[in-house]
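Q: Could you take a close look at one part of this structure with me? I'm new to this, so please spell out the terms.

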Amino acid sequence: MFSKIFFKAAAVTAMLASVMATPVPAPVSSSIVARGGSHSFDNWMGFSSLGGFDNFYGSDNFSGRMSSETVVEQDSKLVCHGQSIQIIQQRLLVLQEMAKRIITEQICDVETQTIVFEQFHSSMGHFSGDLRRKSHRGVGYDRGISSHFGSIVGSDGSLSSNDLGFSGHDLGSQYVIPGGSNWNDASSPASVDAAFNASRSAIKDH
């Protein structure tokens, strides 16, 4: 499932680096009201590997869903470019396997691996709602955070371990929304729901 939705931000960033150098319009902000209770995982069950876990998104925001959004670029300033579906699938599979590598190489406690993966999986799942225009967000990504993609692996091919200087609280502060999609307010809700339901059926059959 998650190769389908996983980190589209990085792939788009790579293709549009030169375009994103253009001036940006005045920021537009939005936010979502907190829902549900607090679920702390700081040192959960005594695991020191979970120390400081809640600092990233907050104990009441497990998957980062309740993040503010400041749009810094949209519409004609940044335009999507059609690409072969196999090229897209290749890149998303690379990102999927990189997530597995980070979790298995840099976390030793299997309980922490489980919690971190569920956090990641849930966070990526929110993008599905964005794509189907069922969330409060525009369909885009955080330019500032995605720009750190090249810092994940060192020059020797090993995973980096330096602090990249941001937390989940920064998510959405440099939100960009590429234009150029074929979304049509009249017909797309039905056709996108059909695409979603067909995809879910394929997942259930496997």
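Which residues point one way from β4, and which the other way?

A: Tyr175, Ile177 and Gly179 point one way from β4, while Val176 and Pro178 point the other way. Whichever way they point, all are buried, and buried here means under 20% relative accessible area, with exposed being over 50% and partly exposed in between (1.4 Å probe, protein chains only). Because five of the five residues of strand β4 (residues 175-179) are buried, the strand is largely enclosed by the rest of the structure.

A quick word on where this comes from. You're looking at a predicted model: local features need pLDDT of at least 70, side-chain atom pairs count only at pLDDT 80 or more, and totals for chains, interfaces and linings use all residues. Residues are numbered from 1 along each chain as its sequence is written, and side-chain values use heavy atoms, with hydrogens and water left out.

Now for the partner of β4. Strand β3 (residues 141-142) pairs with β4 in the antiparallel sense over two bridges; strands count as paired if DSSP finds at least two bridges between them.

Stepping back, the protein chain has seven helices and four strands. Helices (H or I, at least four residues) and strands (E, at least two) are DSSP runs, numbered from the N terminus. From that end, the elements run α-α-β-α-β-α-α-β-α-β-α. As for the chain as a whole, buried residues make up 31% of its 206 residues.
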